[in-house]
Amino acid sequence: MITSDIQTLLLRDRRLHFIGSHRAAFEVEPLYPLEIFEDFVAKFDGDCTLEASCKVESDKLLAGRFLIFFSEQFEERLAQILDFFSQVESRADVQINYDLLQQFLGKAFDFSKVKSLTTGIDLRHNLADSSLKMHIVLENYPEKVDTALALEGNSSDALRPIALQSTSVIGFDFYLDGRSEIELYVELKEERFQQPAIQAALKQSFPPSVLQPLQASDMFGLGLSKANNQPVLYYKLKDQKDLLNYFVINNTAQKVHAFYQHQATLPYMWVGVTQKELQQSRIENVRLYYHQSFVTNENK
């Protein structure tokens, strides 16, 4: 029988291997603060899921993108995340602005309404363009969605009722030069977007090129942020093997996807793309997300 100490070490090694394989495949340089993030992931003691992603911008590949997902003890996890942030901020030329997060959380945040919490990094050669990330996934907490909408401040009033009904994910980007952004993710699960009324509304709002991938998806999302010129559409494909059936991606993105067909990952994947890209004959700008879970008791 494997002792808990050995199991903890094995899980830690598997987590670091997942990050290391992605780094090696896409030649991710050890840019700041990758080492601090890897240390944070290594020292974490508990169940989690890791995400590795690539942002493809034509023939340019941004691959220094990782997230860790937590599914319990959210108040404690948030404290650990903020401790990780403060380690990153200990470098003299790094500044992190917490204003948006503090305004969102307020004075009496109800952690019982949190379903999931993530943190991670998005590395760029220019330190100021690198960012720390956080996503807070809510369940039945409309007043906090309202707060996030007010902080984002860019969404139309017409979108507000839909956002209040369908938003569960609030994302934060903390750039290392002190800039910060908030993003709301309006999400529809499969059982909702298959309802005739919702389908009719989607057909009025989007062309067929946007709706076709829903045939292979169990979640459809819309990312609303001042940082994005156009809203980013997100599809959670039930089976990552369906990617090429629904998305005509360029060679750089195809290389990313080919790599992940031979890795130990969860069967699903996320795809992020704008409507404008979907209407082109070939997608040149896309985000591809892959995941693996690391749990102490696989039979849970």
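Q: At what angle do H1 and H2 pack, and how far apart are their axes?
A: H1 and H2 pack at an angle of about 150°, and their axes are 9 Å apart. Axes here are lines fitted to C-alpha atoms, for helices over the stretch in contact, and angles run from 0 to 180 degrees between N-to-C directions. The helices and strands themselves are DSSP runs (H or I, at least four residues, for helices; E, at least two, for strands), numbered from the N terminus. The model is predicted: local features need pLDDT of at least 70, side-chain atom pairs count only at pLDDT 80 or more, and totals for chains, interfaces and linings use all residues. Residues are numbered from 1 along each chain as its sequence is written, and side-chain values use heavy atoms, with hydrogens and water left out.

Q: Why are H1 and H2 called roughly antiparallel?
A: Angles under 35 degrees count as roughly parallel, over 145 as roughly antiparallel, 65 to 115 as roughly perpendicular and the rest as oblique. The angle is about 150°, and H1 and H2 are therefore roughly antiparallel to each other.

Q: Which residues of H1 and H2 meet?
A: Contact means heavy atoms within 4.5 Å. On this criterion Arg12, Arg15, Leu16, Ile19 and Arg23 in H1 meet Leu34, Phe37, Glu38, Val41 and Ala42 in H2. By class, this contact of H1 with H2 has 6 nonpolar, no polar and 4 charged residues. The classes are nonpolar (Ala, Val, Leu, Ile, Met, Phe, Trp, Tyr, Cys and Pro), charged (Asp, Glu, Lys and Arg) and polar (the others, Gly among them).

Q: What makes H2 and H3 roughly antiparallel?
A: The axes of H2 (residues 34-43) and H3 (residues 74-89) come within 10 Å and cross at roughly 155°. H2 and H3 are therefore roughly antiparallel to each other.

Q: What is the handedness of the crossing of H2 and H3?
A: H2 passes H3 in a right-handed crossing. A crossing is left-handed if the near helix is turned anticlockwise from the far one by less than a right angle, and right-handed if clockwise.

Q: Which residues of H2 and H3 meet?
A: From H2, Ile36, Phe37 and Phe40 meet Gln80, Ile81, Phe84, Gln87 and Val88 of H3. The residues of this contact divide into 6 nonpolar, 2 polar and no charged.

Q: How many residues of H2 are buried?
A: Of the 10 residues in H2, 7 are buried. Buried means under 20% relative accessible area, exposed over 50%, and partly exposed in between (1.4 Å probe, protein chains only). The buried residues are Leu34, Ile36, Phe37, Glu38, Phe40, Val41 and Ala42. What covers them includes H1, E1, E2, H3 and E3.

Q: Why is Arg65 called buried?
A: Arg65, found in strand E2 (residues 60-70), has a relative accessible area of 7% and is therefore buried. Its contacts, leaving aside neighbours within four places in sequence, include Glu51, Ile121, Asp122 and Tyr289.

Q: What joins the side chains of Arg65 and Asp122?
A: A polar contact of 3.1 Å joins them. A polar contact is a pair of N or O atoms within 3.5 Å; within protein, one must be able to donate a hydrogen and the other to accept it, and residues adjacent in sequence count only if both atoms are side-chain atoms.

Q: Why is Gly221 counted as buried?
A: Gly221, in strand E7 (residues 217-224), has 3% relative accessibility and therefore counts as buried.

Q: What is the accessibility class of Arg179, and which side chains does Arg179 join by polar contact?
A: Arg179 lies in the loop between E5 and E6. With a relative accessible area of 38%, Arg179 is partly exposed. Its side chain is joined to that of Asp129 by a polar contact of 3.3 Å and to that of Asp177 by one of 2.9 Å.

Q: Why does Asn140 count as exposed?
A: Asn140 lies in the loop between E4 and H5. Its relative accessibility is 62%, so Asn140 counts as exposed.
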